[in-house]
Amino acid sequence: MRETPRSRETAADSGSGLPQRRPERAFAHAGADGSGTPHRSDGRPPHTPRGARRTDLAGHPGTTPPVPGWPAPLVSGVLGLLAILFVLITWQVAVGGPLFRLDERVGAKLFERGPAGLTQVFSDLGGMPVALPVLTCAIAYALWRRALRLAVYAALTMAAVPALVIPLKVATARQGPLTEAVNYYPSGHTATAAVAYGATALVLLALPRPAWLREASWPRAWMMPVAAILLTTATGIGLVLHGYHWPLDVLASWCLGPLVLAPLWWVSCRSRRRSSG
């Protein structure tokens, strides 16, 4: 049988020696200049460290740095549920639906319950004279640490409270409990407490702690958001028990607070990522 050029070539390559590099063949991993340097179309080095790769909010490859904290899909789902609940409550209050009538029956049984002095103190936690100075101190600290963007977002978040609450009060014109006055929905004190204390926690979480505070064993990062939640909860309970607001007024503001805080939460996560990197 006649040997073809292909069979002779195969026979020559089947020797016991190691495979030899053939200069006329291009290696898949060689660069265009033939230097052997791996070629990357995006100009990155061949072995990019995993920590240096950019990811999106969910941790997948993308253009946005990863952010610490809860997963973005979970946060988006919670915010979506709160938005739906807020819309449902507002609709019921506006049309006087079954939920509105149930709210009045429940509220009538809760008013003027508990120690009046304590419920008054709880109610005052959502007032501007108490809540606003707390956030002002946090904003001043952010400016001192040169976190201008964080401070601006915190200030805008607080300014969004009256911009959203006042039009809703006028549109619904709900009569308050134990009074003939109107414009009680939603609760401005509860919304102020939620945003002021929540924004304070987000600002402080985003900024590096001083060295003396880092060395202490008792401060924990989770204590600040927990304190914000407790203060906001106490404000709403005090307003209902003292007879200042209906339960739905408070519940709606509890839903509205996290929605207003969402942009600041995103900025806070990015700031924490940059400071830890």
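Guide: Let us begin with contact, which means heavy atoms within 4.5 Å. Among contacts in the chain between residues at least 6 apart in sequence, 70% join residues at least 24 apart. This is a predicted model, in which local features need pLDDT of at least 70 and side-chain atom pairs count only at pLDDT 80 or more, while totals for chains, interfaces and linings use all residues. Residues are numbered from 1 along each chain as its sequence is written, and side-chain values use heavy atoms, with hydrogens and water left out.

Visitor: How many helices and strands does the secondary structure of the chain come to?

Guide: Helices (H or I, at least four residues) and strands (E, at least two) are DSSP runs, numbered from the N terminus. Here the chain has 10 helices and 0 strands.

Visitor: What percentage of the chain do buried residues make up?

Guide: Buried means under 20% relative accessible area, exposed over 50%, and partly exposed in between (1.4 Å probe, protein chains only). Of the 277 residues in the chain, 33% are buried. Cys 255 counts as buried because its relative accessibility is 2%, and Cys 269 counts as buried because its value is 3%.

Visitor: How many disulfides are there by the rule applied?

Guide: A disulfide is a pair of cysteine sulfur atoms within 2.5 Å. The count by this rule is 0.

Visitor: Which residues touch the most other members of the largest nonpolar core?

Guide: A nonpolar core is a set of buried Ala, Val, Leu, Ile, Met, Phe, Trp, Tyr and Cys residues joined through side-chain atoms within 4.5 Å. The largest has 41 residues, and Phe 86, Leu 135, Leu 150, Val 203 and Leu 264 touch the most other members. Helices supplying at least two residues each include H2 (72–95), H5 (128–144) and H7 (188–206); H7 gives the most, with 10 residues. Leaving aside residues up to four places away in sequence, Leu 135 touches Ala 154, Met 158, Ala 196, Ala 199 and Thr 200.

Visitor: Where is Ile 237 placed, and does it count as buried or partly exposed?

Guide: Ile 237 lies in helix H9 and counts as partly exposed because its relative accessibility is 39%.
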